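Colleague: I would like to learn how to read the features of a model like this one, from the whole chain down to single residues. Could you take me through them in turn?

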Amino acid sequence: MSLVSQPLAGRTALVVGGSSGIGKGIGLELAARGADIIVSSRRSEAGEAAVAELVEASAGRTPSHRFARLDASSLRGVREFTQQLAAERESLDFLVMCQTKASFGGREETREGFEIKLVLHVYSRLLLAADLLPLLRRGERPGTPGGCVLSVLSGGVHSGLADWTDPDLAQTFSLKRAADAAGTYNDLGLQHLADQAGSEDLGFLHASPGFVDSKWGHETRAAFLIKAAQKLFATSIEECGRTMVEAMCDDRFARGFHCVDHHGKPAKTTKAQTPHNVAALQKHLAAVFETAL
Ligand SMILES: NC(=O)c1ccc[n+]([C@@H]2O[C@H](COP(=O)([O-])OP(=O)(O)OC[C@H]3O[C@@H](n4cnc5c(N)ncnc54)[C@H](OP(=O)(O)O)[C@@H]3O)[C@@H](O)[C@H]2O)c1
C-alpha cells in the first residue's frame with residue numbers, strides 16, 4: 001500500500017474508550033490511514049479484541065497498535081496513566097476521548113466522590129488533555145506541526161449550562177442538567193486549553209457523533225429499545241469513524257477550539273461560551289483536581 005493511501009503513517013493516536021463503539025470506529029479509520037493506535041478502556045479482553053481488529057484494518061504494514069488499560073472513573077488513575085505515557089513517549093499526534101456511562105437513574109458517585117457522568121465526560125477528559133499537552137505539542141497531524149484533541153460527546157447539540165453555585169450538580173442533578181453541564185464544560189475546558197500559550201498549532205474539537213450503532217445503553221434496562229432503534233436509525237461505527245477522522249484532518253479545525261457536528265461540519269457553541277465561564281470552569285476544575293489528586 002502506498003504512502004498516499006496511508007496519509008497518517010508514522011502518527012500515533014491514543015483512543016480512550018477505543019474498545020468498542022465510536023472509539024473503535026475512529027481507531028479503525030485511523031489505522032486504515034496508517035496511524036498506530038493505543039486503545040484504552042477498562043476491559044482488557046474487549047481492548048485486546050479491538051487491537052486485533054485494528055491490525056486487520058492495517059493491511060499492508062506491520063502496525064504498533066496496543067492496549068493500555070485505563071479506568072477513567074478514577075482521576076488518580078488517569079494521572080498515573082498520563083505520567084506513564086509521558087515516561088514512555090516523546091510525542092502524541094491524536095488524543096481521542098469517548099469514555100462514557102449510559103444510565104437513566106439519579107446522581108451516582110465514583111469512589112473518589114465525584115458524579116460519574118461528569119468524571120467520564122468532563123473531568124477525566126480535561127485532565128487527560130491537560131496532562132498530555134506537552135506530548136501533543138510535539139505531535140503532528142497533516143498540515144500542522146502540532147497534534148489534535150477530539151472529545152466525542154455533544155458539540156453543538158447541548159444547551160448551555162454554567163451554574164457556578166452548584167457546578168458538580170451535588171444539589172441539582174438531573175439527567176438533562178448532567179448532559180448540558182458536560183457538554184458546556186467540554187466547550188469551556190477545551191477553549192481554555194486552546195487559549196494556552198504553546199497551543200497555537202493544536203486543534204481542540206468537541207464533536208457530536210449523531211445516532212450511532214454502538215454499545216451505548218446496552219447495559220441499561222432500556223437495552224432492548226435502544227438496540228431496536230439503533231438497528232433502524234443509527235449510523236455504523238465505521239461511518240461515524242470516517243466522519244470524525246475527516247474532521248480531525250480538516251484544515252478548518254487545525255488550530256483552536258471548534259465544535260463539530262455529525263457530518264464533520266462546523267457547529268455552534270452556546271451563549272455560555274464566555275471568558276467569564278471559561279475562567280469559572282477552571283476554578284471548579286482546580287478544586288476537583290486538588291481534592292482528587
Ligand atoms: N452512540 C450514540 O448514538 C451517541 C450519541 C451521542 C453521543 N455519544 C457519545 O459518544 C461517546 C462514545 O459513545 P459510544 O456510543 O461509542 O459508547 P460505547 O459503545 O458504550 O463505548 C464506550 C467506550 O468507553 C469505554 N469506557 C466505559 N467506561 C470507561 C471507563 N470508566 N474508563 C475508560 N473507558 C471506559 C468502554 O470500554 P470498557 O467497557 O472496556 O471500559 C467503551 O470502549 C460518548 O461520550 C457518548 O456519550 C454517543
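The dialogue below goes from the chain as a whole to a few loop residues.

Modeller: Before we start, note that this is a predicted model, in which local features need pLDDT of at least 70 and side-chain atom pairs count only at pLDDT 80 or more, while totals for chains, interfaces and linings use all residues. Residues are numbered from 1 along each chain as its sequence is written, and side-chain values use heavy atoms, with hydrogens and water left out.

Colleague: How many helices and strands does the chain have?

Modeller: Helices (H or I, at least four residues) and strands (E, at least two) are taken as DSSP runs and numbered from the N terminus. In this chain there are eight helices and eight strands.

Colleague: What does the radius of gyration say about the chain?

Modeller: The radius is taken over C-alpha atoms, and the globule rule is 2.2 Å times the number of residues to the power 0.38. For 293 residues a compact globule would have a radius near 19 Å, and the 18 Å of the chain agrees with that. Along the principal axes, the C-alpha atoms fill a box of roughly 55 × 50 × 35 Å.

Colleague: Which share of the residues is buried, and what share of the contacts joins residues 24 or more positions apart?

Modeller: Buried means under 20% relative accessible area, exposed means over 50%, and partly exposed lies in between (1.4 Å probe, protein chains only); by that scale 54% of the 293 residues are buried. A contact means heavy atoms within 4.5 Å, and of the contacts with a separation of 6 or more, 74% join residues 24 or more positions apart.

Colleague: Where does Thr100 lie, and which residues does it touch?

Modeller: Thr100 sits in the loop between strand 4 (94-97) and helix 4 (116-137), and it counts as partly exposed because its relative accessibility is 37%. Beyond its neighbours within four places in sequence, Thr100 is in contact with Leu120, His121 and Trp216. A polar contact is a pair of N or O atoms within 3.5 Å, where, within protein, one must be able to donate a hydrogen and the other to accept it, and residues adjacent in sequence count only if both atoms are side-chain atoms. The side chains of Thr100 and His121 make such a contact at 2.8 Å.

Colleague: Which residues does Ser154 touch, leaving aside its neighbours within four places in sequence?

Modeller: Ser154, which also lies in the loop between strand 5 and helix 5, is in contact with Gly183, His206, Ala207 and Ser208. At 11% relative accessibility, Ser154 counts as buried.
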